[in-house]
Amino acid sequence: MMVLATILVLMITVSSSMKQVRAFQQVAGPVIININPGETKSFSWGLIAENNETSIVKIYADGNGSEFLSIPQTFKLSPGSLNSIVGNITIPANYPINSTLSPIVHTTLSENDTANTGGNSVAVELSKMLTVTIGVNNTQSIAIGLGSTPPTQKPPLIGIGLLTKGTVNSVIRTPTTQWIASGNWSLDVKDGNVTSFETKMNWNNINGTDSHTHEFVNMRVSTPILLNQSEKNFSIKGLMDVGTNQKIVWKDIPSTININGKKTISIFADDNMTNHHFASQPILGVVTSFLDCSDIPGPNMEVLPPCSEPNSVSGYASPLSGEPTMSMQPVQPVQPVQPVQPVQPVQPLIPTLPPSMLTGESEQSNQESQIQNSTMPILQNNNISTNRIILPTESMGACENISITSANASGFEADHKDYNPPEEAIDSDMKTWWANKGVPSWLQMDLERPIVLCTVEIAWNKGNERTYDFVIATSDDGNIFTEVYKGESEKSESYEKYDIANSPPNTKSIKLDFTGSSSKSGWVSIKEINVIGR
């Protein structure tokens, strides 16, 4: 079974001046090597140097399997860019198969070796653990040969399964630019196997000049997945297929899916076998639904929801088949048709309307529309266009809380230790928040139904320390926005309310545009947002 390790150690010691120095950083993500006895393979790992860092780092390896590595002893850093260090591993021809090695590569700067310390005495060491799996391609045939489960025999039910899904919100940094991902993912586990796995992502560079898609599908595991309801963290290791622009380009890629706290997900694909496309960095996302399931009753009269219904990515056609995912229902017998009774003319509920409220359509068209929507007459929305006819919102009563279905942003803090995606501004948890560095920034939310916007309530992160200049805008299609509020936040740790006096009808999306921040680094950050409408 393949074992995965991620990063790892960052040790910085500083002289008595206590000035912290970050000479270089290590790119997050694993280095996984799948190799057979007698083979030689190359691998790489990344270091990001500070803008004025040109030091020569020293490299050495230790740990189980380090004797099979061939790595450079020194490496000169290129300032302000991603540095890829390449090594080789050679496994002897007689080495046992179906085994795993975990050598560790250390990259160090000794005291006074850094180029940007200004004379400070600094020691920096970064360590990367490699996962080397030997003879993994033979694992299945060996297991069958042992006779533990004959190929024609169905394995016993494992018990607890899983139906979970969420969104992708990730950033990958390359030497030339950054790539921002958005999308959806879903994962189903039943009887110890992955029965469905889909990850569909749109990737755009930070300049908005280039884009493409990626699809992760068909995750397979070689050993049963054992789940426990009490565990909030788990990891699934196996092989998956990777697509680009709706076409599979890499098959059988060693991969790992980690879910932490039932709230976040990270997906690692082998960097070497994907041509270093993902730059040794994981794909990150948020869990929006997490459901333990089982098709058999458990102990102590426990009955969980069934695992039999697939949990595919909602509203997303399969990029590989080109066909939408559909659930076919049995056809019901046709009932005899009853004679149609003549329709009595329906009189308009409001006999006359002011000329300003007429739609411009013929009288017959107005009457037909009133028959179909007898609860309200059709009105023209003068705020949008003179020829566009829309239905008024169904909720014309008191203002109430409106559910927010999704959130997107111009960017977010994506550090693996401080991950703050836009979904954390709408998760009803005051202990999480969305954060992005730099203005202008924006945060956009989509609502469960069209509304007239009454109020926006915002709990600002570090609201007692910072103020923000911002604009609230609304849209009925998520593309064209109209400004409805402009102001500045107050210094408060509780919700601040911003009343909207002239909201257009049929608001389906709300956007916050940030034009200023009192943070010296330009941070904007929100703990929670409530939308009040009718």
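Me: Buried means under 20% relative accessible area, exposed over 50%, partly exposed in between (1.4 Å probe, protein chains only). What does cysteine 399 count as?

Reply: Cysteine 399 counts as partly exposed, at 40% relative accessibility. This is a predicted model, where local features need pLDDT of at least 70 and side-chain atom pairs count only at pLDDT 80 or more, while totals for chains, interfaces and linings use all residues. Residues are numbered from 1 along each chain as its sequence is written, and side-chain values use heavy atoms, leaving out hydrogens and water.

Me: Which cysteine is it joined to?

Reply: Cysteine 454, with S to S at 2.0 Å (a disulfide is a pair of cysteine sulfur atoms within 2.5 Å). The torsion about that S-S bond is -70°, left-handed. Cysteine 399 sits in the loop between strands E21 and E22 and cysteine 454 in strand E28, so the link ties parts 55 residues apart in sequence. Strands here are DSSP runs (E, at least two residues), numbered from the N terminus. Cysteine 454 is buried, at 11%.

Me: How many disulfides in the whole structure?

Reply: Two. Cysteine 293 is joined to cysteine 307, also with S to S at 2.0 Å. Its torsion is about 110°, so this disulfide is right-handed. Cysteine 293 is buried at 0%, and cysteine 307 is buried at 7%.

Me: Switching topic: which strands make up the closed barrel?

Reply: E12 through E19, eight strands with antiparallel pairing (two strands pair if DSSP finds at least two bridges between them).

Me: And how many bridges join E17 to E18?

Reply: Six, between residues 248-260 and 264-269. Serine 255 stands opposite alanine 269 in E18.

Terms used:
Helices (H or I, at least four residues) and strands (E, at least two) are DSSP runs, numbered from the N terminus.
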